[in-house]
Amino acid sequence: MKIGIIVAMDKELQQLRQLFASADVRIEKCGIGKVNAALGAQRMINEFHPDVIISSGCAGGNGDDVQVQDVVVSSELSYHDVYCGTAVDGSTQYGQVQGLPARYQADPELLRMAREVAVQNDGLSIHAGLIVTGDWFVDSREKMRSIVDKFPDARAVDMESCAIAQTCYINKVRFISFRVISDIPLRDTDASQYHDFWGRIADQSFQVTKTFVEKILNS
């Protein structure tokens with residue numbers, strides 16, 4: 001079993017590389033945003049041929065029960081900044097690239113194992129739900145509200161996961177996203193939570209990805 005982990009930033013890469021020594025796990029930085037994420041995922045697929053790809057990193061959270069340092073696991077993924085019209089038959093949804101799924105579903109077996117990790121980690125809140133992706137750094141309540149208005153069930157907002165999901169869907173590679181909540185934009189007006197996250201608590205935040213990967217390798 002070969003597992004690829006894709007992150008966007010050096011900070012995330014440094015955190016995760018400290019946790020893995022196995023040759024069956026490759027961790028790569030793709031860069032920020034959807035295009036970088038898709039290119040990074042395709043490169044990993046071409047060069048490493050993983051059985052599973054995991055998107056890992058931080059995200060903005062949404063929901064009354066979601067707190068900073070919680071983890072959101074993707075049950076499904078969509079874009080919050082894609083609109084292709086309604087198509088000739090009126091079937092295309094907001095967030096959907098025409099001809100592709102409106103929402104990309106996480107691999108069911110990976111999602112099942114992620115839920116087991118949640119049960120095993122007392123004191124760590126892991127939420128399964130929708131992750132939405134777009135080329136915005138969400139640093140205001142107004143930006144977050146505009147996203148949540150269209151995706152009220154979103155639990156996390158990031159800039160890479162759905163692009164990686166789309167690439168994996170096209171290449172038929174199993175995929176799931178783990179996102180540590182760095183900030184709650186609807187509760188924070190100046191992105192201070194995000195900066196505090198990296199300054200104070202990021203060191204302990206990626207252990208859930210390590211636990212999940214070990215579960216896959218031992219299954």
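In these legends, buried means under 20% relative accessible area and exposed means over 50%. The model shown here is predicted.

**View 1. The whole chain, for a first look.** Welcome! The protein chain has 7 helices and 8 strands. Of its 219 residues, 55% are buried. Its accessible surface comes to about 9,900 Å², with 47% belonging to carbon and sulfur atoms.

**View 2. One face of helix H1 is lined by buried residues.** In H1, you can find Glu12, Leu13, Gln15 and Leu16 buried. Seen down the axis of H1, these buried residues fall within an arc of 165°, so they line one face of the helix. Gln14 and Arg17, on the other side of H1, are exposed.

**View 3. The largest nonpolar core has 28 residues.** Ile5, Ile54, Ile176, Phe178 and Phe212 are the residues with the most contacts inside this core. Several elements give two or more residues to it, including strand S1 (3–7), helix H1 (10–17) and helix H7 (207–217). H3 gives the most, with 5 residues. A second, separate core of 27 residues includes Met44, Ile53, Val72 and Val82.

**View 4. Ile5 and Thr209 are in contact.** Leaving aside neighbours within four places in sequence, the contacts of Ile5 include Leu16, Phe20, Met44, Ile54 and Val213. Thr209 is found in helix H7 and is buried, with a relative accessible area of 1%. Again leaving aside neighbours within four places in sequence, Thr209 is in contact with Ile5, Leu16, Phe20, Ser56 and Phe178.

**View 5. Asp81 forms a salt bridge with Lys34.** The closest N and O atoms of this pair are 2.9 Å apart. Asp81 lies in the loop between S4 and strand S5 (104–105) and Lys34 in helix H2 (residues 34–48), so the pair ties together parts that are 47 residues apart in sequence. Asp81 is partly exposed, with a relative accessible area of 25%, while Lys34 is buried at 16%.

**View 6. Arg103 forms a salt bridge with Asp153.** Here the closest N and O atoms are 2.8 Å apart. Arg103 lies in the loop between S4 and S5, and Asp153 in the loop between helix H4 (141–150) and strand S7 (154–158), so the pair ties together parts that are 50 residues apart in sequence. Asp153 is partly exposed, with a relative accessible area of 36%.

Notes: Residues are numbered from 1 along each chain as its sequence is written. This is a predicted model: local features need pLDDT of at least 70, side-chain atom pairs count only at pLDDT 80 or more; totals for chains, interfaces and linings use all residues. Side-chain values use heavy atoms; hydrogens and water are left out. A nonpolar core is a set of buried Ala, Val, Leu, Ile, Met, Phe, Trp, Tyr and Cys residues joined through side-chain atoms within 4.5 Å. Buried means under 20% relative accessible area, exposed over 50%, partly exposed in between (1.4 Å probe, protein chains only). Helices (H or I, at least four residues) and strands (E, at least two) are DSSP runs, numbered from the N terminus. Contact means heavy atoms within 4.5 Å. Accessible areas come from the Shrake-Rupley method with a 1.4 Å probe; for residues, only the protein chains shown count as cover. The arc is that of the directions from the helix axis to the C-beta atoms. A salt bridge is a side-chain nitrogen of Lys or Arg within 4 Å of a carboxyl oxygen of Asp or Glu.
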